[in-house]
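Colleague: I want to learn how to read pockets and sheets in a model. Can you take me through them?

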Amino acid sequence: DWNDDDPRLIAASSIDTTVTIWDIELGQAVTQLIAHDREVYDVAFATGTDVFGSVGADGSVRLFDRRSLEHSTIIYETTESKPLLRLAWNKLDPNYVVTFTVDEPAVIVLDIRMPSVPATELSGHREPVNSVAWAPHSSCHLCTAGEDSQALIWDLSLLPKPIEDPILAYNVDDAINQLSWSAL
């Protein structure tokens, strides 16, 4: 993940259980830590340069602060340690992150102020989810995409009330593996 506030910094996750923060101008790692008990599948920066989160095969979402790397905070763990595949941080409302488990159709929205319990679970997909992305222009819109050939846009402005259905659905002929919003 590129850091939006300091474009010299990128974060990389690894199957060797580590997360590494690189300074690309220096061409070297500035932080490397054992982040999970098993493979780390994704890492994402919050707003600012210090806080980042990661997800992995151990089924946990962990938050880190570069100013104090002796500790991490586990804000969510799946039942039966189901692996979590991706993590996306809401850049306009940094209290929210989203993740999903491997081979599952639901998306888990987390409010970092209330760890352990999802703010909501979005269950509009019929097959596994492959990608999630927060809208760059709205703090409450999220797009999810998956094996069911759908891209779904969700309005989360009513949280903490349950979110039952997406506000828009786009269908294509094959699975959607990745998505991103236009910044325009």
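Modeller: We take the pocket first, then a sheet. This is a predicted model: local features need pLDDT of at least 70, side-chain atom pairs count only at pLDDT 80 or more, and totals for chains, interfaces and linings use all residues. Residues are numbered from 1 along each chain as its sequence is written, and side-chain values use heavy atoms, without hydrogens or water.

Colleague: How much space lies in the largest pocket?

Modeller: Rolling a probe the size of a water molecule over the atoms shows where empty space is left. Here the largest pocket holds about 670 Å³. (A pocket is an open set of points on a 1 Å grid over the protein atoms alone, where a 1.4 Å probe fits, with protein on both sides within 12 Å along at least five of seven lines; lining residues have an atom within 4 Å of a point.)

Colleague: Which residues lie nearest its centre?

Modeller: Asp-1, Ala-88, Val-132, Ala-133 and Trp-134, out of 23 lining residues. The lining divides into 13 nonpolar, five polar and five charged. β12 (129–134) is one of the strands that supply at least two residues. β12 gives the most, five. (Strands are DSSP runs of E, at least two residues, numbered from the N terminus.)

Colleague: What is the order of the strands in the open sheet?

Modeller: Strands of a sheet pair through backbone hydrogen bonds, either parallel or antiparallel. Here the order is β8-β9-β10-β11, with antiparallel pairing. The edge strands, β8 and β11 (120–122), each pair on one side only. (Pairing needs at least two DSSP bridges between two strands.) β10 (residues 107–111) and β11 share three bridges. Val-107 has Leu-122 of β11 as its bridge partner.

Note on methods. Grid points are joined across faces, edges and corners, and a volume is the space filled by probe spheres set on the points. Helices (H or I, at least four residues) and strands (E, at least two) are DSSP runs, numbered from the N terminus. Ala, Val, Leu, Ile, Met, Phe, Trp, Tyr, Cys and Pro count as nonpolar, Asp, Glu, Lys and Arg as charged, and the others, Gly among them, as polar.
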